[in-house]
Amino acid sequence: MAQRGYVQAMTASRIALVTGANQGLGRALVERLALRMAPQDRVLLTGRDPDRVHAAAAAVAAGPATARVEGRVLDVRDGDAIAALAAELDEVDVVVSNAAARMTPAADPAGEVDAVAETNNLATSRMLRAFAPRLRPGGRLIIVASALGTLDRLGDAAAGRFAAAAAEDLEAVDALVADWRRAVHDGRAEHEGYGTWLNIPSKVAQVAAVRAVARERRAADLAEGKLVMALCPGLVDTGASRPWFADMSQAQSPAEAARRPVDLALAGTFDPALYGELVQFGKVIAWGSGLRATA
């Protein structure tokens with residue numbers, strides 16, 4: 001069924017959408033998609049800043065792109081904007097939700113948690129709600145997350161709550177993100193098992209959102225060759241990563257990190273075991289690895 005669905009999708013022009021695509025991994029994903037897709041296909045490079053979006057899209061289009069590259073302004077913190085773009089496109093073939101808020105090591109978490117929750121987490125839920133039902137047969141919806149998004153990186157109490165939310169629905173995940181956000185502002189995040197580094201509960205929540213959607217859609221999506229998953233691209237040398245790592249000698253360039261996700265996005269078939277999971281370099285990362293109380 002996966003192969004048949006992909007062939008059906010290939011009969012018409014395809015649409016690929018990448019968020020957070022002005023620079024870094026997002027732009028590299030657009031470049032590789034535009035190189036690999038057909039002349040009648042469209043690749044939408046999206047971001048918040050109109051000038052940067054249109055400059056990046058023009059630069060990619062002027063390179064070795066085969067598909068058409070379009071710059072589209074999209075602030076993923078704006079749920080109405082996501083819904084409007086989804087309605088305009090109607091059906092899509094590839095969606096990569098890559099937009100993320102930057103964090104800095106010296107910053108007070110309370111000063112950054114709102115931007116992180118809105119850009120990384122509420123946006124993830126909105127992208128899943130808007131685009132998962134609009135995937136064509138053979139389509140791919142990939143949420144860029146991290147290997148830090150496993151439950152064992154949280155305290156047992158918080159991990160158990162995320163596991164329960166993922167087993168319920170997106171609304172439960174969003175409610176837990178709101179609780180984590182309040183806990184950071186109130187100074188109780190560490191006591192409640194969320195830890196002090198915003199990136200960990202944020203990434204765990206992204207994976208929880210994917211799992212919540214996948215639980216409801218798995219059978220129908222797999223029957224039509226559709227893939228919904230979270231992706232850890234590995235360490236990538238970008239401006240967002242450099243403040244956190246003293247040694248970047250083993251980091252991938254954005255172009256290197258884009259190869260596997262694009263190969264998976266455009267492949268005719270995929271391993272059904274990847275569906276709804278956190279995947280790095282083609283292999284599933286066990287979400288509950290190492291857990292004690294919530295295994």
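User: In what order do the eight strands of the open sheet come?

Analyst: This is a predicted model, so what follows describes a prediction. The order in the open sheet is β3-β2-β1-β4-β5-β6-β7-β8, and the pairing is mixed.

User: Which strands are the edge strands?

Analyst: An edge strand pairs on one side only; here these are β3, residues 68-73, and β8, residues 283-285. On average, neighbouring strands of the sheet are turned by 25° against each other, with direction ignored.

User: How do I read the pairing of β2 with β3?

Analyst: Look at the bridges and the direction. Strand β2 covers residues 42-47, runs parallel to β3 and is joined to β3 by six bridges. As one example, Val43 stands opposite Val69 in β3.

User: How many bridges pair β1 and β2, and in which sense?

Analyst: There are four bridges, and the sense is parallel. On the β2 side, Arg42 is the bridge partner of Ile15.

User: Which helices lie on this part of the sheet?

Analyst: Helix α3, residues 50-61, lies across β2 and β3 and runs at about 175° to β3. Helix α4, residues 79-89, also packs on the sheet, where α4 touches β1 (15-18), β2, β3 and β4 (92-97). The direction of α4 makes about 170° with that of β2.

User: How should I read the two faces of β2?

Analyst: In a regular strand, side chains alternate between the two faces of the sheet. In this model, Arg42, Leu44 and Thr46 are on one side of β2, with Val43, Leu45 and Gly47 on the other. Both faces are covered, and these residues are all buried.

User: Is Arg42 buried or exposed?

Analyst: Arg42 has a relative accessible area of 19%, so it counts as buried. The cut-off for buried is under 20%.

User: What is Arg42 in contact with, apart from its neighbours within four places in sequence?

Analyst: Its contacts are Arg14, Ile15, Ala16, Met37, Arg68, Glu70, Arg72 and Leu89. With Glu70, the side chain of Arg42 makes a polar contact of 2.9 Å.

User: How many salt bridges does the structure hold?

Analyst: Side chains of opposite charge can pair when their charged atoms come close. The structure holds 22 salt bridges. In one of them, Arg42 pairs with Glu70, with the closest N and O atoms 2.9 Å apart. Arg42 lies in strand β2 and Glu70 in strand β3, so this pair ties together parts that are 28 residues apart in sequence. Glu70 counts as partly exposed, at 22% relative accessibility.

User: Which residues are linked with Arg42 in a network of salt bridges?

Analyst: The network links Arg42 with Glu70, Arg72 and Glu88.

User: Where do Arg136 and Glu91 sit?

Analyst: Arg136 and Glu91 form a salt bridge, the closest N and O atoms being 3.3 Å apart. Arg136 is in strand β5, residues 135-144, while Glu91 is in the loop between α4 and β4. The two are 45 residues apart, so the pair links distant parts of the chain. Arg136 is buried at 17% relative accessible area, whereas Glu91 is partly exposed at 38%.

User: Which helices hold Arg181 and Asp114?

Analyst: Arg181 is in helix α7 (residues 170-186) and Asp114 in helix α5 (residues 109-131), 67 residues apart. Their side chains meet in a salt bridge of 2.8 Å, N to O. At 18% relative accessibility Arg181 counts as buried, while Asp114, at 29%, counts as partly exposed.

User: Which members of the largest nonpolar core touch the most other members?

Analyst: In soluble globular proteins, nonpolar side chains tend to be buried together. The largest nonpolar core here has 98 residues, and Leu33, Leu128, Phe131, Leu141, Phe162 and Trp180 touch the most other members. Helix α8, residues 199-223, gives the most to this core, with 10 residues.

User: What does Phe131 touch, not counting residues up to four places away in sequence?

Analyst: Phe131 touches Leu17, Ile82, Ala86, Leu89, Val92, Val95 and Leu141.

Note on methods. Residues numbered from 1 in each chain as written. Predicted model: local features only at pLDDT ≥ 70, side-chain atom pairs only at ≥ 80, totals over all residues. Heavy atoms only, no water. Pairing = 2+ DSSP bridges. Axes fitted to C-alpha atoms, helices over the stretch in contact; angles between N-to-C directions. Contact = heavy atoms within 4.5 Å. Buried < 20%, exposed > 50% of the residue type's maximum accessible area, 1.4 Å probe, protein only. Polar contact = N/O pair within 3.5 Å; in protein donor to acceptor, adjacent residues only side chain to side chain. Core = buried A, V, L, I, M, F, W, Y, C linked by side-chain atoms within 4.5 Å. Salt bridge = Lys/Arg side-chain N within 4 Å of Asp/Glu carboxyl O.
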